[in-house]
Amino acid sequence: MALVPTDPRYLVPFQPKRIPHHFVDVLVIGGGIAGLRAAMACPPGVNVLIVTKDRLRESSSAYAQGGIAGVLDPADDFDNHVRDTLTAGANLCDRAVVEMVVRDAPGHIRELIDWGARFDAGVDGELQLGREGGHSHRRIAHALGDATGREIMRAMREHAQRALGAQVWPNTFTIDLLTSPADGAAECRGALVWNKAHGKTFVWAKQTVLATGGAGQLFRETTNPQVATGDGHAIAYRAGAELADMEFMQFHPTVLYIAGSSRSLITEAIRGEGAYLIDADGKRFMPEYDERAELAPRDIVSRSIVAQMERTRRPSVFLDLRHLPADKVLDRFPGIAKTCREFGIDITSDPIPVRPGAHYLLGGVRVDQRAATSLPRLWAAGEASSSGLHGANRLASNSLLEGLVYGELAGRHAAEAAASEPDTFTAIPLENPPAEPSEAPLDLADIRNSLQSLMWVRAGVWRDASGLAEAAHSIAQWRRYVLSRQLGTPDGWELQNMLQVAELMIRSATLREESRGVHLRTDFPQQDDQAWRRHVTVRRGADGAQLGTADAPLRAS
(Lines give C-alpha, C1' and ligand atoms only; values in the text may rest on other atoms or scores of the structure.)
Protein backbone atom coordinates (compact mmCIF):
# COMPACT_ATOMS: atom_id res chain seq x y z
CA MET A 1 0.00 0.00 0.00
CA ALA A 2 1.33 3.43 -0.93
CA LEU A 3 1.68 5.55 2.20
CA VAL A 4 3.11 8.93 3.04
CA PRO A 5 6.54 7.94 4.51
CA THR A 6 6.14 10.05 7.65
CA ASP A 7 3.24 11.96 9.10
CA PRO A 8 3.84 15.50 10.37
CA ARG A 9 3.61 16.04 14.12
CA TYR A 10 2.06 19.51 13.80
CA LEU A 11 0.15 21.00 10.88
CA VAL A 12 1.37 24.58 11.27
CA PRO A 13 4.56 26.39 12.27
CA PHE A 14 4.63 28.18 15.64
CA GLN A 15 6.98 30.02 17.93
CA PRO A 16 5.64 30.16 21.54
CA LYS A 17 7.12 33.61 22.26
CA ARG A 18 4.96 35.06 19.49
CA ILE A 19 1.65 33.37 20.40
CA PRO A 20 -0.80 34.18 23.25
CA HIS A 21 -1.10 31.64 26.06
CA HIS A 22 -4.21 30.65 28.03
CA PHE A 23 -4.29 28.33 31.07
CA VAL A 24 -7.18 26.13 32.28
CA ASP A 25 -7.75 23.09 34.45
CA VAL A 26 -9.81 21.11 31.93
CA LEU A 27 -10.01 21.76 28.20
CA VAL A 28 -13.03 20.19 26.44
CA ILE A 29 -12.74 20.07 22.65
CA GLY A 30 -16.21 19.72 21.15
CA GLY A 31 -19.65 20.99 22.12
CA GLY A 32 -21.94 18.06 21.28
CA ILE A 33 -23.62 15.83 23.82
CA ALA A 34 -20.36 14.18 24.97
CA GLY A 35 -18.45 17.45 25.29
CA LEU A 36 -21.25 19.26 27.13
CA ARG A 37 -21.75 16.32 29.48
CA ALA A 38 -18.01 16.23 30.21
CA ALA A 39 -18.01 19.93 31.10
CA MET A 40 -21.10 19.46 33.27
CA ALA A 41 -19.36 16.70 35.21
CA CYS A 42 -16.63 19.09 36.36
CA PRO A 43 -17.44 20.41 39.86
CA PRO A 44 -17.42 24.11 40.83
CA GLY A 45 -13.91 25.40 41.34
CA VAL A 46 -12.51 23.51 38.35
CA ASN A 47 -11.75 25.96 35.55
CA VAL A 48 -13.24 24.56 32.31
CA LEU A 49 -12.94 25.80 28.72
CA ILE A 50 -15.12 24.41 25.91
CA VAL A 51 -13.74 24.95 22.41
CA THR A 52 -16.05 24.35 19.44
CA LYS A 53 -15.28 24.60 15.72
CA ASP A 54 -18.69 26.14 15.00
CA ARG A 55 -21.50 27.42 17.17
CA LEU A 56 -22.17 25.49 20.38
CA ARG A 57 -25.48 24.28 18.93
CA GLU A 58 -23.92 22.88 15.71
CA SER A 59 -23.04 19.20 16.23
CA SER A 60 -24.15 15.76 15.06
CA SER A 61 -25.92 15.33 18.42
CA ALA A 62 -28.35 18.12 17.54
CA TYR A 63 -29.31 16.32 14.30
CA ALA A 64 -30.17 13.01 16.00
CA GLN A 65 -33.80 12.20 15.20
CA GLY A 66 -34.79 8.83 16.57
CA GLY A 67 -34.06 9.06 20.28
CA ILE A 68 -32.07 7.65 23.14
CA ALA A 69 -32.26 4.00 24.18
CA GLY A 70 -32.82 2.83 27.74
CA VAL A 71 -34.75 0.25 29.74
CA LEU A 72 -37.74 2.31 30.85
CA ASP A 73 -40.61 -0.13 30.32
CA PRO A 74 -41.47 -2.80 32.97
CA ALA A 75 -41.82 -5.32 30.14
CA ASP A 76 -38.18 -4.73 29.17
CA ASP A 77 -35.01 -5.51 31.14
CA PHE A 78 -31.26 -4.88 31.07
CA ASP A 79 -30.46 -8.35 29.76
CA ASN A 80 -32.61 -7.70 26.67
CA HIS A 81 -30.89 -4.39 25.92
CA VAL A 82 -27.46 -5.97 26.47
CA ARG A 83 -28.32 -8.89 24.20
CA ASP A 84 -29.65 -6.63 21.44
CA THR A 85 -26.49 -4.51 21.59
CA LEU A 86 -24.20 -7.55 21.46
CA THR A 87 -26.16 -9.07 18.56
CA ALA A 88 -26.01 -5.88 16.53
CA GLY A 89 -22.29 -5.52 17.31
CA ALA A 90 -21.53 -8.76 15.42
CA ASN A 91 -19.54 -10.42 18.22
CA LEU A 92 -17.06 -7.57 18.58
CA CYS A 93 -18.48 -5.61 21.53
CA ASP A 94 -16.81 -5.44 24.94
CA ARG A 95 -19.49 -7.04 27.11
CA ALA A 96 -18.35 -5.30 30.31
CA VAL A 97 -18.72 -1.92 28.60
CA VAL A 98 -22.14 -2.85 27.20
CA GLU A 99 -23.33 -3.92 30.66
CA MET A 100 -22.10 -0.68 32.24
CA VAL A 101 -23.64 1.63 29.65
CA VAL A 102 -27.00 -0.18 29.49
CA ARG A 103 -27.39 -0.19 33.28
CA ASP A 104 -26.50 3.51 33.49
CA ALA A 105 -29.00 4.48 30.77
CA PRO A 106 -32.21 5.03 32.81
CA GLY A 107 -30.43 7.27 35.30
CA HIS A 108 -28.99 9.45 32.55
CA ILE A 109 -32.37 9.77 30.80
CA ARG A 110 -34.05 10.78 34.08
CA GLU A 111 -31.26 13.30 34.61
CA LEU A 112 -32.06 14.86 31.23
CA ILE A 113 -35.71 15.15 32.28
CA ASP A 114 -34.62 16.84 35.52
CA TRP A 115 -32.64 19.34 33.41
CA GLY A 116 -35.75 20.19 31.41
CA ALA A 117 -35.66 17.86 28.39
CA ARG A 118 -39.25 17.41 27.18
CA PHE A 119 -39.60 13.83 25.97
CA ASP A 120 -42.83 12.79 24.29
CA ALA A 121 -45.36 11.39 26.76
CA GLY A 122 -48.91 10.07 26.67
CA VAL A 123 -51.96 11.53 28.42
CA ASP A 124 -51.03 9.52 31.53
CA GLY A 125 -47.64 11.23 31.67
CA GLU A 126 -45.73 8.04 30.88
CA LEU A 127 -42.98 8.27 28.28
CA GLN A 128 -43.89 7.23 24.76
CA LEU A 129 -41.29 4.65 23.80
CA GLY A 130 -40.45 3.82 20.19
CA ARG A 131 -38.85 0.75 18.65
CA GLU A 132 -36.09 0.73 16.05
CA GLY A 133 -34.18 -1.86 14.04
CA GLY A 134 -32.31 -4.40 16.14
CA HIS A 135 -34.29 -3.70 19.32
CA SER A 136 -36.47 -6.46 20.79
CA HIS A 137 -38.60 -4.01 22.81
CA ARG A 138 -39.90 -0.46 22.73
CA ARG A 139 -37.19 1.45 24.62
CA ILE A 140 -36.47 4.59 22.57
CA ALA A 141 -37.33 7.82 24.39
CA HIS A 142 -37.96 10.54 21.79
CA ALA A 143 -38.78 14.24 21.79
CA LEU A 144 -40.81 16.51 19.50
CA GLY A 145 -41.60 13.43 17.43
CA ASP A 146 -38.35 13.23 15.48
CA ALA A 147 -36.15 15.99 16.93
CA THR A 148 -34.72 14.29 20.01
CA GLY A 149 -31.15 15.48 19.58
CA ARG A 150 -32.18 19.10 19.23
CA GLU A 151 -34.32 18.96 22.38
CA ILE A 152 -31.66 17.19 24.46
CA MET A 153 -29.00 19.67 23.40
CA ARG A 154 -31.33 22.60 24.18
CA ALA A 155 -31.93 21.31 27.70
CA MET A 156 -28.24 20.59 28.30
CA ARG A 157 -27.10 23.99 27.01
CA GLU A 158 -29.61 25.84 29.14
CA HIS A 159 -28.72 23.82 32.25
CA ALA A 160 -25.00 24.26 31.61
CA GLN A 161 -25.38 28.02 31.23
CA ARG A 162 -27.37 28.25 34.48
CA ALA A 163 -25.29 25.85 36.58
CA LEU A 164 -21.76 26.13 35.19
CA GLY A 165 -19.19 28.85 34.86
CA ALA A 166 -17.47 27.17 31.94
CA GLN A 167 -15.95 29.41 29.29
CA VAL A 168 -17.00 28.70 25.71
CA TRP A 169 -14.92 29.66 22.68
CA PRO A 170 -17.16 29.13 19.62
CA ASN A 171 -15.94 29.31 16.02
CA THR A 172 -12.50 28.20 17.18
CA PHE A 173 -10.56 25.56 15.24
CA THR A 174 -8.38 23.11 17.19
CA ILE A 175 -5.28 22.66 15.02
CA ASP A 176 -3.37 20.16 17.15
CA LEU A 177 -2.97 18.71 20.61
CA LEU A 178 0.17 19.83 22.43
CA THR A 179 2.38 17.12 23.86
CA SER A 180 5.50 17.12 25.98
CA PRO A 181 8.84 17.02 24.13
CA ALA A 182 9.86 13.79 22.41
CA ASP A 183 12.79 13.18 24.77
CA GLY A 184 10.42 12.65 27.71
CA ALA A 185 7.32 10.56 28.32
CA ALA A 186 4.69 12.02 26.00
CA GLU A 187 1.69 13.61 27.71
CA CYS A 188 -1.13 15.78 26.42
CA ARG A 189 -0.66 19.33 27.71
CA GLY A 190 -3.50 21.14 25.92
CA ALA A 191 -4.06 22.33 22.37
CA LEU A 192 -3.10 24.87 19.74
CA VAL A 193 -6.28 26.62 18.56
CA TRP A 194 -7.16 29.37 16.09
CA ASN A 195 -9.97 31.85 15.60
CA LYS A 196 -10.42 34.99 13.51
CA ALA A 197 -10.24 37.32 16.50
CA HIS A 198 -6.99 36.13 18.09
CA GLY A 199 -5.24 33.96 15.51
CA LYS A 200 -3.25 31.10 17.03
CA THR A 201 -3.46 30.54 20.80
CA PHE A 202 -1.80 27.99 23.06
CA VAL A 203 -4.35 26.59 25.51
CA TRP A 204 -2.41 24.84 28.29
CA ALA A 205 -4.58 22.40 30.26
CA LYS A 206 -3.94 20.04 33.13
CA GLN A 207 -6.34 17.59 31.45
CA THR A 208 -7.97 17.52 28.01
CA VAL A 209 -11.22 15.87 26.89
CA LEU A 210 -11.65 15.08 23.19
CA ALA A 211 -15.30 15.06 22.07
CA THR A 212 -15.12 16.23 18.46
CA GLY A 213 -17.68 13.89 16.88
CA GLY A 214 -17.43 11.92 13.67
CA ALA A 215 -16.10 11.93 10.12
CA GLY A 216 -19.06 11.44 7.81
CA GLN A 217 -17.91 14.28 5.55
CA LEU A 218 -15.23 11.94 4.16
CA PHE A 219 -18.00 10.39 2.06
CA ARG A 220 -20.06 11.85 -0.78
CA GLU A 221 -23.32 10.59 0.77
CA THR A 222 -23.65 11.38 4.48
CA THR A 223 -26.11 12.44 7.16
CA ASN A 224 -23.41 14.34 9.06
CA PRO A 225 -23.18 18.13 9.30
CA GLN A 226 -20.37 20.04 7.58
CA VAL A 227 -18.30 20.12 10.78
CA ALA A 228 -17.89 16.30 10.88
CA THR A 229 -14.48 16.09 9.21
CA GLY A 230 -12.63 13.77 11.60
CA ASP A 231 -10.54 16.53 13.19
CA GLY A 232 -10.42 14.88 16.60
CA HIS A 233 -9.28 11.56 15.19
CA ALA A 234 -6.52 13.29 13.20
CA ILE A 235 -5.17 15.45 16.02
CA ALA A 236 -5.17 12.51 18.44
CA TYR A 237 -3.33 10.36 15.89
CA ARG A 238 -0.68 13.04 15.31
CA ALA A 239 -0.22 13.34 19.08
CA GLY A 240 0.50 9.59 19.36
CA ALA A 241 -2.78 8.27 20.78
CA GLU A 242 -3.91 4.84 19.67
CA LEU A 243 -6.97 4.55 17.42
CA ALA A 244 -9.01 1.37 16.98
CA ASP A 245 -11.52 -0.06 14.49
CA MET A 246 -11.34 2.83 12.02
CA GLU A 247 -12.67 0.53 9.27
CA PHE A 248 -16.13 0.51 10.83
CA MET A 249 -18.16 3.36 9.33
CA GLN A 250 -21.85 2.76 9.82
CA PHE A 251 -24.01 3.65 6.85
CA HIS A 252 -27.52 4.72 7.76
CA PRO A 253 -29.90 2.84 5.45
CA THR A 254 -32.35 5.66 4.81
CA VAL A 255 -31.11 9.06 3.73
CA LEU A 256 -33.44 11.26 1.70
CA TYR A 257 -32.13 11.17 -1.87
CA ILE A 258 -33.03 14.15 -4.05
CA ALA A 259 -30.45 14.75 -6.76
CA GLY A 260 -28.69 18.06 -6.26
CA SER A 261 -29.97 18.66 -2.71
CA SER A 262 -28.29 18.22 0.64
CA ARG A 263 -28.90 14.81 2.21
CA SER A 264 -31.34 14.53 5.13
CA LEU A 265 -31.58 11.66 7.58
CA ILE A 266 -34.84 9.70 7.63
CA THR A 267 -34.89 8.24 11.12
CA GLU A 268 -34.87 4.51 11.79
CA ALA A 269 -37.94 5.06 13.94
CA ILE A 270 -40.03 5.48 10.79
CA ARG A 271 -39.46 1.79 10.03
CA GLY A 272 -40.02 0.97 13.68
CA GLU A 273 -43.50 2.43 13.32
CA GLY A 274 -44.26 0.19 10.34
CA ALA A 275 -42.91 1.79 7.16
CA TYR A 276 -41.98 -0.57 4.33
CA LEU A 277 -39.00 -0.43 1.99
CA ILE A 278 -39.98 -0.84 -1.64
CA ASP A 279 -37.94 -0.71 -4.83
CA ALA A 280 -38.56 1.36 -7.96
CA ASP A 281 -41.04 -1.28 -9.17
CA GLY A 282 -43.10 -1.00 -5.98
CA LYS A 283 -41.91 -4.35 -4.60
CA ARG A 284 -41.34 -4.76 -0.85
CA PHE A 285 -37.94 -6.48 -0.79
CA MET A 286 -36.58 -6.66 2.76
CA PRO A 287 -38.29 -9.98 3.68
CA GLU A 288 -36.16 -11.61 0.95
CA TYR A 289 -32.96 -10.52 2.68
CA ASP A 290 -33.73 -11.01 6.39
CA GLU A 291 -36.58 -12.50 8.42
CA ARG A 292 -36.71 -9.31 10.51
CA ALA A 293 -37.44 -7.36 7.30
CA GLU A 294 -37.35 -3.58 7.89
CA LEU A 295 -36.47 -4.11 11.57
CA ALA A 296 -33.15 -5.83 10.80
CA PRO A 297 -30.01 -4.02 12.08
CA ARG A 298 -28.67 -1.12 10.04
CA ASP A 299 -25.81 -3.00 8.39
CA ILE A 300 -28.15 -5.62 6.95
CA VAL A 301 -30.68 -3.06 5.75
CA SER A 302 -27.96 -0.93 4.12
CA ARG A 303 -26.48 -3.91 2.28
CA SER A 304 -29.93 -5.03 1.17
CA ILE A 305 -30.78 -1.58 -0.20
CA VAL A 306 -27.52 -1.39 -2.15
CA ALA A 307 -28.11 -4.88 -3.55
CA GLN A 308 -31.66 -3.96 -4.59
CA MET A 309 -30.45 -0.74 -6.22
CA GLU A 310 -27.93 -2.82 -8.19
CA ARG A 311 -30.62 -5.31 -9.15
CA THR A 312 -33.06 -2.64 -10.36
CA ARG A 313 -30.34 -0.32 -11.69
CA ARG A 314 -31.95 2.65 -9.93
CA PRO A 315 -30.25 5.33 -7.74
CA SER A 316 -32.57 4.79 -4.77
CA VAL A 317 -35.25 2.72 -3.14
CA PHE A 318 -38.31 4.13 -1.32
CA LEU A 319 -39.83 4.28 2.15
CA ASP A 320 -43.56 3.62 1.97
CA LEU A 321 -45.90 4.86 4.72
CA ARG A 322 -49.07 4.92 2.65
CA HIS A 323 -50.57 1.98 4.55
CA LEU A 324 -50.24 3.79 7.91
CA PRO A 325 -52.79 6.24 9.38
CA ALA A 326 -51.93 9.70 8.03
CA ASP A 327 -52.64 11.54 11.30
CA LYS A 328 -50.36 9.18 13.22
CA VAL A 329 -47.56 9.61 10.69
CA LEU A 330 -47.75 13.41 10.75
CA ASP A 331 -47.92 13.54 14.55
CA ARG A 332 -44.96 11.19 15.03
CA PHE A 333 -42.68 12.60 12.29
CA PRO A 334 -43.38 16.32 11.88
CA GLY A 335 -39.76 17.23 11.04
CA ILE A 336 -39.45 14.64 8.29
CA ALA A 337 -42.83 15.65 6.89
CA LYS A 338 -41.72 19.28 6.74
CA THR A 339 -38.42 18.45 5.04
CA CYS A 340 -40.10 16.25 2.44
CA ARG A 341 -42.76 18.89 1.69
CA GLU A 342 -39.96 21.23 0.62
CA PHE A 343 -39.33 18.77 -2.25
CA GLY A 344 -43.00 18.25 -3.09
CA ILE A 345 -43.27 14.93 -1.23
CA ASP A 346 -46.27 14.18 1.00
CA ILE A 347 -45.07 11.35 3.23
CA THR A 348 -48.64 10.14 3.79
CA SER A 349 -49.28 9.58 0.08
CA ASP A 350 -45.90 9.59 -1.70
CA PRO A 351 -43.03 7.09 -1.33
CA ILE A 352 -39.85 8.74 0.01
CA PRO A 353 -36.71 8.18 -2.12
CA VAL A 354 -33.84 6.96 0.10
CA ARG A 355 -30.41 5.39 -0.11
CA PRO A 356 -27.65 4.69 2.47
CA GLY A 357 -25.27 7.40 3.66
CA ALA A 358 -22.25 7.52 5.97
CA HIS A 359 -23.70 8.08 9.41
CA TYR A 360 -21.58 7.07 12.40
CA LEU A 361 -17.91 6.15 12.80
CA LEU A 362 -17.70 3.26 15.26
CA GLY A 363 -13.92 3.41 15.53
CA GLY A 364 -11.92 6.20 17.07
CA VAL A 365 -9.51 7.07 19.85
CA ARG A 366 -9.29 3.98 22.01
CA VAL A 367 -10.53 4.47 25.59
CA ASP A 368 -10.90 2.30 28.66
CA GLN A 369 -13.88 2.15 31.02
CA ARG A 370 -12.75 5.41 32.63
CA ALA A 371 -12.67 7.17 29.21
CA ALA A 372 -8.87 7.41 29.40
CA THR A 373 -6.90 7.19 26.15
CA SER A 374 -3.43 5.69 25.67
CA LEU A 375 -1.98 9.22 25.85
CA PRO A 376 -1.70 10.44 29.46
CA ARG A 377 -3.80 13.50 30.34
CA LEU A 378 -6.08 12.92 27.32
CA TRP A 379 -9.62 11.60 27.68
CA ALA A 380 -12.18 10.96 24.93
CA ALA A 381 -15.92 10.42 24.63
CA GLY A 382 -18.66 10.10 22.03
CA GLU A 383 -18.12 9.43 18.35
CA ALA A 384 -14.49 10.54 18.51
CA SER A 385 -13.76 7.51 20.70
CA SER A 386 -13.75 3.72 20.47
CA SER A 387 -15.11 2.40 23.75
CA GLY A 388 -16.11 -1.17 22.82
CA LEU A 389 -19.84 -0.45 23.18
CA HIS A 390 -20.79 -0.70 19.52
CA GLY A 391 -18.56 -3.48 18.22
CA ALA A 392 -18.86 -3.78 14.45
CA ASN A 393 -22.33 -2.21 14.18
CA ARG A 394 -24.02 0.36 16.43
CA LEU A 395 -27.47 -0.52 17.71
CA ALA A 396 -29.89 2.29 16.87
CA SER A 397 -30.19 5.07 19.49
CA ASN A 398 -27.23 3.87 21.55
CA SER A 399 -25.09 6.80 20.38
CA LEU A 400 -26.64 9.62 22.43
CA LEU A 401 -26.55 7.23 25.37
CA GLU A 402 -22.83 6.58 24.93
CA GLY A 403 -22.19 10.32 24.69
CA LEU A 404 -23.86 10.86 28.05
CA VAL A 405 -22.25 7.93 29.87
CA TYR A 406 -18.72 8.41 28.57
CA GLY A 407 -18.97 12.19 28.58
CA GLU A 408 -19.71 12.06 32.30
CA LEU A 409 -16.88 9.58 32.90
CA ALA A 410 -14.38 11.67 30.93
CA GLY A 411 -15.34 14.93 32.62
CA ARG A 412 -15.42 13.51 36.13
CA HIS A 413 -12.08 11.73 35.88
CA ALA A 414 -10.42 14.66 34.10
CA ALA A 415 -11.65 17.03 36.80
CA GLU A 416 -10.45 14.75 39.58
CA ALA A 417 -7.01 14.48 37.97
CA ALA A 418 -6.82 18.25 37.41
CA ALA A 419 -7.84 19.01 41.00
CA SER A 420 -5.01 16.80 42.28
CA GLU A 421 -2.39 18.94 40.51
CA PRO A 422 -1.06 22.26 41.86
CA ASP A 423 -1.79 25.52 40.06
CA THR A 424 1.77 25.90 38.83
CA PHE A 425 0.90 26.64 35.21
CA THR A 426 3.86 26.78 32.85
CA ALA A 427 4.33 26.65 29.11
CA ILE A 428 6.61 23.83 28.03
CA PRO A 429 9.23 24.60 25.35
CA LEU A 430 7.67 23.70 22.00
CA GLU A 431 8.51 25.01 18.57
CA ASN A 432 7.60 23.98 15.03
CA PRO A 433 9.65 25.95 12.51
CA PRO A 434 8.13 26.73 9.11
CA ALA A 435 8.86 24.50 6.15
CA GLU A 436 9.62 25.82 2.69
CA PRO A 437 6.16 26.07 1.09
CA SER A 438 5.34 25.35 -2.53
CA GLU A 439 3.88 28.26 -4.46
CA ALA A 440 1.91 26.08 -6.89
CA PRO A 441 -1.86 26.68 -6.73
CA LEU A 442 -4.01 24.20 -4.82
CA ASP A 443 -7.77 23.73 -5.35
CA LEU A 444 -8.90 22.59 -1.90
CA ALA A 445 -12.55 22.12 -2.93
CA ASP A 446 -11.62 19.91 -5.88
CA ILE A 447 -9.46 17.61 -3.73
CA ARG A 448 -12.17 17.43 -1.06
CA ASN A 449 -14.84 16.50 -3.62
CA SER A 450 -12.53 13.93 -5.21
CA LEU A 451 -11.78 12.40 -1.81
CA GLN A 452 -15.47 12.14 -0.94
CA SER A 453 -16.29 10.46 -4.25
CA LEU A 454 -13.35 8.08 -3.95
CA MET A 455 -14.25 7.03 -0.41
CA TRP A 456 -17.89 6.48 -1.37
CA VAL A 457 -16.98 4.24 -4.31
CA ARG A 458 -13.96 2.37 -2.86
CA ALA A 459 -14.58 2.34 0.90
CA GLY A 460 -18.37 2.58 1.07
CA VAL A 461 -20.89 -0.16 1.86
CA TRP A 462 -18.99 -2.68 -0.32
CA ARG A 463 -15.17 -2.97 -0.35
CA ASP A 464 -12.45 -5.16 -1.82
CA ALA A 465 -8.64 -5.28 -1.85
CA SER A 466 -8.16 -3.74 -5.30
CA GLY A 467 -10.51 -0.83 -4.57
CA LEU A 468 -8.87 -0.17 -1.22
CA ALA A 469 -5.42 -0.24 -2.83
CA GLU A 470 -6.58 2.24 -5.47
CA ALA A 471 -7.96 4.53 -2.77
CA ALA A 472 -4.75 4.27 -0.72
CA HIS A 473 -2.63 5.22 -3.74
CA SER A 474 -4.74 8.25 -4.63
CA ILE A 475 -4.94 9.49 -1.03
CA ALA A 476 -1.18 9.14 -0.58
CA GLN A 477 -0.60 11.23 -3.72
CA TRP A 478 -3.01 13.93 -2.57
CA ARG A 479 -1.44 14.02 0.88
CA ARG A 480 2.05 14.44 -0.53
CA TYR A 481 1.29 17.61 -2.42
CA VAL A 482 -1.15 18.97 0.18
CA LEU A 483 1.50 18.58 2.88
CA SER A 484 4.01 20.39 0.66
CA ARG A 485 1.91 23.55 1.05
CA GLN A 486 1.93 25.75 4.11
CA LEU A 487 -1.85 25.84 4.54
CA GLY A 488 -3.01 28.51 6.96
CA THR A 489 -6.82 28.37 6.99
CA PRO A 490 -9.45 26.10 8.57
CA ASP A 491 -10.43 24.80 5.11
CA GLY A 492 -6.86 23.66 4.54
CA TRP A 493 -6.51 22.11 8.00
CA GLU A 494 -9.82 20.29 7.57
CA LEU A 495 -8.66 18.84 4.26
CA GLN A 496 -5.39 17.66 5.79
CA ASN A 497 -7.34 16.01 8.62
CA MET A 498 -9.77 14.38 6.21
CA LEU A 499 -6.94 12.93 4.12
CA GLN A 500 -5.21 11.66 7.27
CA VAL A 501 -8.34 9.97 8.62
CA ALA A 502 -9.25 8.53 5.22
CA GLU A 503 -5.82 6.93 5.03
CA LEU A 504 -6.28 5.40 8.49
CA MET A 505 -9.69 4.03 7.47
CA ILE A 506 -8.27 2.50 4.29
CA ARG A 507 -5.36 0.91 6.15
CA SER A 508 -7.66 -0.56 8.79
CA ALA A 509 -10.14 -1.85 6.20
CA THR A 510 -7.26 -3.52 4.35
CA LEU A 511 -6.10 -5.27 7.52
CA ARG A 512 -9.62 -6.51 8.36
CA GLU A 513 -9.96 -9.48 5.99
CA GLU A 514 -13.47 -10.57 6.84
CA SER A 515 -17.06 -9.37 6.48
CA ARG A 516 -19.32 -8.64 9.41
CA GLY A 517 -21.20 -5.71 10.81
CA VAL A 518 -20.73 -2.53 8.81
CA HIS A 519 -17.52 -3.80 7.15
CA LEU A 520 -18.23 -5.82 4.01
CA ARG A 521 -15.23 -7.17 2.08
CA THR A 522 -16.66 -8.76 -1.05
CA ASP A 523 -13.34 -10.60 -1.53
CA PHE A 524 -13.55 -12.09 2.00
CA PRO A 525 -17.16 -13.24 2.43
CA GLN A 526 -16.29 -16.16 4.69
CA GLN A 527 -16.31 -15.93 8.50
CA ASP A 528 -13.35 -16.81 10.71
CA ASP A 529 -14.09 -16.33 14.41
CA GLN A 530 -10.45 -16.48 15.46
CA ALA A 531 -9.42 -13.81 12.97
CA TRP A 532 -12.52 -11.71 13.61
CA ARG A 533 -12.34 -11.29 17.39
CA ARG A 534 -9.54 -8.72 17.27
CA HIS A 535 -9.28 -4.96 17.16
CA VAL A 536 -7.35 -3.32 14.33
CA THR A 537 -5.33 -0.47 15.81
CA VAL A 538 -3.32 2.35 14.24
CA ARG A 539 -0.97 4.88 15.77
CA ARG A 540 1.80 7.26 14.81
CA GLY A 541 5.27 6.01 15.65
CA ALA A 542 7.87 8.20 17.34
CA ASP A 543 9.58 8.68 13.97
CA GLY A 544 6.34 9.70 12.26
CA ALA A 545 5.78 6.34 10.55
CA GLN A 546 2.25 4.95 10.46
CA LEU A 547 1.83 1.72 12.42
CA GLY A 548 -1.14 -0.63 11.99
CA THR A 549 -1.69 -3.91 13.83
CA ALA A 550 -4.31 -6.58 14.44
CA ASP A 551 -4.61 -6.59 18.21
CA ALA A 552 -4.73 -9.58 20.57
CA PRO A 553 -8.00 -11.56 20.66
CA LEU A 554 -10.79 -10.04 22.73
CA ARG A 555 -12.40 -11.53 25.78
CA ALA A 556 -15.28 -13.87 25.02
CA SER A 557 -18.66 -12.15 24.97
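**Close-up views of a predicted model**

The largest share of the lining of the largest cavity, 4 residues, comes from α9. The model is predicted, so local features need pLDDT of at least 70 and side-chain atom pairs count only at pLDDT 80 or more, while totals for chains, interfaces and linings use all residues. Residues are numbered from 1 along each chain as its sequence is written, and side-chain values use heavy atoms, with hydrogens and water left out.

View 1. The volume of the largest cavity is about 70 Å³. A cavity is a set of points, on a 1 Å grid over the protein atoms alone, where a 1.4 Å probe fits but cannot get out; lining residues have an atom within 4 Å of a point. Grid points are joined across faces, edges and corners, and a volume is the space filled by probe spheres set on the points. At least two lining residues each come from β11 (249–256) and α9 (298–312). Helices (H or I, at least four residues) and strands (E, at least two) are DSSP runs, numbered from the N terminus. The lining is made up of Met249, Gln250, Phe251, Arg298, Asp299, Ser302, Arg303, Asn393, Val461, Gly517, Val518 and Leu520. By class, 5 are nonpolar, 4 polar and 3 charged, where Ala, Val, Leu, Ile, Met, Phe, Trp, Tyr, Cys and Pro count as nonpolar, Asp, Glu, Lys and Arg as charged, and the others, Gly among them, as polar.

**View 2. Lining of the second largest cavity.** This cavity has a volume of about 50 Å³. Its lining consists of Asp245, Leu362, Ser385, Ser386, Ser387, Gly388, Leu389, His390, Gly391 and Glu402. These residues divide into 2 nonpolar, 6 polar and 2 charged. The model has 5 cavities of 30 Å³ or more.

**View 3. Glycine 89 in its loop.** Glycine 89 is found in the loop between α3 (78–88) and α4 (95–114). Glycine 89 counts as buried because its relative accessibility is 0%; buried means under 20% relative accessible area, exposed over 50%, partly exposed in between (1.4 Å probe, protein chains only). Apart from neighbours within four places in sequence, glycine 89 is in contact (heavy atoms within 4.5 Å) with His390, Gly391, Ala392 and Asn393.

**View 4. Nonpolar cores around Ile68 and elsewhere.** The largest nonpolar core has 110 residues, of which Ile68, Tyr406, Met455 and Met505 touch the most other members. Helix α12 (residues 399–419) gives the most to this core, with 10 residues. A nonpolar core is a set of buried Ala, Val, Leu, Ile, Met, Phe, Trp, Tyr and Cys residues joined through side-chain atoms within 4.5 Å. Not counting residues up to four places away in sequence, isoleucine 68 touches residues including Ile109, Phe119, Arg139, Ser397 and Leu404. A second, separate core of 27 residues includes Leu256, Val301, Ala337 and Cys340.

View 5. An open sheet of 3 strands has the order β3-β5-β4, with antiparallel pairing. Its edge strands, β3 (68–69) and β4 (129–130), each pair on one side only. Two strands pair if DSSP finds at least two bridges between them. Alanine 69 stands opposite isoleucine 140 in β5. Elsewhere, strand β1 (residues 21–29) pairs with β2 in the parallel sense over 4 bridges, and isoleucine 29 has valine 51 in β2 as its bridge partner. Strand β2 (residues 48–51) is covered on both faces, with Val48 and Ile50 buried on one side and Leu49 and Val51 buried on the other.

Conventions. On a 1 Å grid over the protein atoms alone, a cavity is a set of points where a 1.4 Å probe fits but cannot get out, and a pocket is an open set with protein on both sides within 12 Å along at least five of seven lines; lining residues have an atom within 4 Å of a point.
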